[in-house]
Amino acid sequence: MTKKLTKKALPILGALLIAIFSFWGISSALAVDDTTPPSAPTNLTAIAISSDQINLAWTASTDDVAVTGYAIFRNGAEIANVATTTFNDVGLTASTTYAYAIKAYDAAGNRSEFSSTVSTSTLATTVDTTIPSAPTNLTATAVSPCYRFEGKSTAGHFAGTEILK
């Protein structure tokens, strides 16, 4: 059964590939015989945007037929494939260093050499641990059935407090 299916599937697959390559303006002879990998991506940059995101950008690779995408590697493991020359890596850990490299690939499955590797760290998580200063210049106004105190801390964060009677 497998041999019969394979014999029937190959001509269909071949026709499908020719149709796809024709649609993109690629001659089927070039597509089938393409053994040249794309050039390696260049000028890779990695910019930490937040405590959980790093944005990547690079210069496009070239190929004798066409570059169809880029494989993104983080710390040596392939994490994504994109068709553009940018990638936003999200869901990362704060204050952690990550190393990135890119490979280009073409429709024939040829892969370029790695781009240069760049490393950057996500930003630290910022938590406000400063205790506000005590309010100054307090005034009290009798308002039935409660008192209202108003004042301002040196940090400017104290707006007002009501104490119910």
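Me: Hi! How many helices and strands does the protein have?
Reply: The secondary structure comes to 2 helices and 10 strands. Both kinds are DSSP runs numbered from the N terminus, helices being H or I with at least four residues and strands E with at least two. This is a predicted model, where local features need pLDDT of at least 70, side-chain atom pairs count only at pLDDT 80 or more, and totals for chains, interfaces and linings use all residues. Residues are numbered from 1 along each chain as its sequence is written, and side-chain values use heavy atoms, with hydrogens and water left out.

Me: Thanks. In what order do the elements run from the N terminus?
Reply: The order is α-α-β-β-β-β-β-β-β-β-β-β.

Me: What share of the residues is buried?
Reply: Of the 165 residues, 25% are buried. Buried means under 20% relative accessible area, exposed over 50%, and partly exposed in between, with a 1.4 Å probe and protein chains only.

Me: And the core, which residues touch the most other members?
Reply: In the largest nonpolar core, which has 17 residues, those are Ile 54, Leu 56, Trp 58, Ile 72 and Tyr 100. A nonpolar core here is a set of buried Ala, Val, Leu, Ile, Met, Phe, Trp, Tyr and Cys residues joined through side-chain atoms within 4.5 Å. Strands E1 (42-50), E2, E3, E4 and E6 each give two or more residues to this core, and E6 gives the most, with 4 residues.

Me: Why would nonpolar side chains be buried together?
Reply: In soluble globular proteins, that is how nonpolar side chains tend to be.

Me: Back to Tyr 100, what does it touch?
Reply: Leaving out residues up to four places away in sequence, the contacts of Tyr 100 include Leu 44, Ile 54, Leu 56, Phe 73, Asp 89 and Val 118. Contact means heavy atoms within 4.5 Å.

Me: New topic: how many aromatic pairs are there?
Reply: The count is 2. In one of them, Trp 58 and Tyr 70 sit edge-to-face, 5.4 Å centre to centre with 65 degrees between the planes. Rings of Phe, Tyr and Trp (its six-membered ring) pair if their centres lie within 6.5 Å; planes under 30 degrees apart count as stacked, over 60 as edge-to-face and the rest as tilted. Trp 58 is in strand E2 (residues 53-59) and Tyr 70 in strand E3 (residues 67-74), 12 residues apart.

Me: Are those two buried or exposed?
Reply: Both Trp 58 and Tyr 70 are buried.

Me: Why is the Phe 73 and Phe 114 pair called edge-to-face?
Reply: Because the planes of Phe 73 and Phe 114 are at 75 degrees, with the ring centres 4.9 Å apart. Phe 73 lies in strand E3 and Phe 114 in the loop between strand E6 (97-106) and strand E7 (118-121), so the pair ties together parts that are 41 residues apart in sequence. Phe 73 counts as buried at 9% relative accessibility, while Phe 114 is partly exposed at 41%.

Me: Last one: which side chains form salt bridges with Arg 74 and Arg 111?
Reply: Asp 89 meets Arg 74 at 2.8 Å, N to O, and Glu 78 meets Arg 111 at 3.3 Å, N to O. A salt bridge is a side-chain nitrogen of Lys or Arg within 4 Å of a carboxyl oxygen of Asp or Glu. Asp 89 is buried at 3% relative accessibility, whereas Arg 74 is partly exposed at 23%.
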